[in-house]
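Trainee: Before we discuss the packing in this chain, could you set out how the terms are meant?

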Amino acid sequence: MHYAAAPLRKSLVAAFLLALAACGGGGGGGSASTPTPTPQPTPVPPVVLPTVDVSAVAAADPGSPLPAGWDKGAFMEIFVRSYQDSDGDGYGDLKGLISRLDYLQALGVKGLWLMPVTASQDHDHGYAVADYRAIEAAYGTLADFDELIRQAHARGIGVIVDYVMNHSAAQNPLFLNSGDAATNPYRSWYLWQNPAPAGWSIYGANPWRAAASGSYFAAFDVTMPDWNLTLPAVVAYHQDNQRFWLNRGADGFRFDAVGNLVENGPTAWLDQPQNYTLMAQMQALAAGYQRRTIVCEAPDDPQGFGKAGACGSAFAFDLSASIVSAARGNTVAIQNVSNYFKTAPPGMSTMISNHDSFAGQRLWDQVGGNAAQYRLAAATYLLLPGRPFIYYGEEVGMSGAAALVGDAALRSPMSWAGDASRAGFTTGLPYRALAANVTTQNAAAAAADPNSLLAFYKAMLALRNGLPSIAQGSYEQPFVSGSVMGYQRAFGGERSLVLVNYGSSDATLGVAALPAGASLLNQYPAGAAGATVSAAGVASVTVPAQSLRVLKVGP
């Protein structure tokens with residue numbers, strides 16, 4: 001959701017005052033008059049542009065208390081505005097998030113991705129950044145952010161923050177300066193043309209937006225002008241901003257819209273060569289700090305940006321739909337899922353949905369509330385290679401908001417309790433409509449049910465956290481047999497076997513390419529039998545319908 005842009009400059013009106021002298025009649029034989037003074041205009045005050053902060057920030061790594069490999073665990077994507085309100089104003093905030101860290105630790109997540117927490121023009125989604133070095137006022141203060149980092153680290157949880165490098169807010173002081181005049185020293189920090197070039201269309205709209213001093217480029221919205229990232233000073237400014245947060249202990253970044261960073265013409269505005277180079281530089285900057293990480297949003301080329309020569313990790317938008325289709329039993333999709341990590345970079349970040357509707361509706365809505373399919377989809381991406389990102393509320397089966405449309409429907413307040421008016425999110429009035437299924441699918445109800453989705457997510461994350469082969473291992477011997485997908489994961493001498501049956505019937509299969517004579521030790525579900533591998537490297541394993549087996553290969 002976006003909002004109309006504020007004027008680039010305040011209009012100045014010059015007022016003129018006229019002094020009128022009164023004429024008086026004299027006595028006697030004569031008269032006198034007072035000359036009328038020449039009107040003088042009131043001085044017009046000069047235009048006062050906002051000050052900018054482009055101060056350099058030197059690297060000052062505070063170190064990291066997190067263990068090596070922390071970022072191979074599961075992350076939770078959190079929209080702070082919708083997670084937990086601490087003061088009753090109806091908006092989530094950092095103190096509210098801090099109060100829920102124990103819940104996140106118990107769930108088993110090892111990282112948090114915070115949607116933008118920087119001061120914004122939109123005061124909602126946060127992607128129109130007005131100040132890169134300040135916290136959105138409704139969320140709290142920098143001191144609150146520092147406390148969040150301290151408290152999360154104390155629980156073994158890392159925190160990465162959203163960084164928007166493609167564009168800023170139209171109210172950002174740097175853009176207000178750039179729009180003042182062609183002679184402003186910050187003019188070249190954004191993309192200005194006068195007259196606007198012809199022949200452009202991005203996402204169905206002309207990205208050149210008319211303003212008083214020319215036309216500026218804003219691909220996503222009039223309120224979000226694009227930076228000129230071919231200018232070294234602009235790149236240096238963003239690197240200084242990143243050091244600002246890394247120096248405070250942030251554990252890395254999620255980079256927004258990296259495919260859109262540089263434009264080379266009306267038909268060359270997406271996934272340009274410079275974008276990959278820029279992101280390799282940002283990856284190197286984060287790598288200069290201890291145990292920091294980044295992940296990129298690049299829907300049009302996830303695997304290209306996921307390579308080490310760019311971001312090193314990107315969201316696997318090209319896998320998500322196949323996971324959900326596989327959970328529904330689609331055999332083509334099952335094969336697609338099996339094949340994905342044969343060639344994809346191992347550091348890809350997997351997910352099912354997120355805060356953007358183009359990435360898919362909430363999982364509950366995608367599977368129509370089918371709990372068995374829900375579990376299969378979750379198990380699929382939580383046990384595969386890569387870094388899984390859970391969208392807040394997914395772990396309890398939260399749906400979208402029936403009263404809302406588009407992205408807003410995906411960003412409802414977290415369903416903490418079954419209260420249909422507040423959901424345990426606030427003691428006041430929630431700023432946005434709640435999830436449609438809040439009364440049945442909420443954290444309080446799930447915590448009381450040992451067979452809930454929440455319990456299932458905890459079990460999957462316990463496998464990931466307890467078996468290094470699942471969290472960090474290779475992807476070996478993938479196969480599909482009917483509706484069953486299987487593969488092995490290996491790391492540091494540990495080997496695991498994962499079998500997922502998407503079908504509606506039990507399946508008994510001979511799993512090949514295992515170490516001859518080894519034992520298969522049951523890891524999930526509790527109470528299931530293990531198996532023995534034959535001299536030919538084959539083991540017979542039964543997987544019930546719409547379920548999974550995880551076994552550890554032992555001596």
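Mentor: Axes are lines fitted to C-alpha atoms, for helices over the stretch in contact, and angles run from 0 to 180 degrees between N-to-C directions. Helices (H or I, at least four residues) and strands (E, at least two) are DSSP runs, numbered from the N terminus. This is a predicted model, in which local features need pLDDT of at least 70 and side-chain atom pairs count only at pLDDT 80 or more, while totals for chains, interfaces and linings use all residues. Residues are numbered from 1 along each chain as its sequence is written, and side-chain values use heavy atoms, with hydrogens and water left out.

Trainee: At what angle do helix α5 and helix α6 pack?
Mentor: Helix α5 covers residues 232–247 and helix α6 covers residues 273–287, with their axes 11 Å apart. Angles under 35 degrees count as roughly parallel, over 145 as roughly antiparallel, 65 to 115 as roughly perpendicular and the rest as oblique, and α5 and α6 are therefore roughly parallel to each other. The angle at which they pack is about 30°.

Trainee: Which residues of α6 make the contact with α5?
Mentor: Contact means heavy atoms within 4.5 Å. From α5 come Val235, Gln239, Gln242, Arg243 and Leu246, and their partners in α6 are Leu278, Gln281, Met282, Leu285 and Ala286.

Trainee: How many charged residues are in the contact of α11 with α13?
Mentor: The axes of α11 and helix α13 (residues 453–466) come within 10 Å and cross at roughly 20°. Among the residues that meet are Tyr374 and Arg375 in α11 and Phe456 and Arg464 in α13. Ala, Val, Leu, Ile, Met, Phe, Trp, Tyr, Cys and Pro count as nonpolar, Asp, Glu, Lys and Arg as charged, and the others, Gly among them, as polar. By that scheme the contact has twelve nonpolar residues and no polar ones, and the charged residues number two.

Trainee: What percentage of the residues of the chain count as buried?
Mentor: The chain contains 14 helices and 22 strands. Of its 555 residues, the share that counts as buried is 54%.

How values were computed: Buried < 20%, exposed > 50% of the residue type's maximum accessible area, 1.4 Å probe, protein only.
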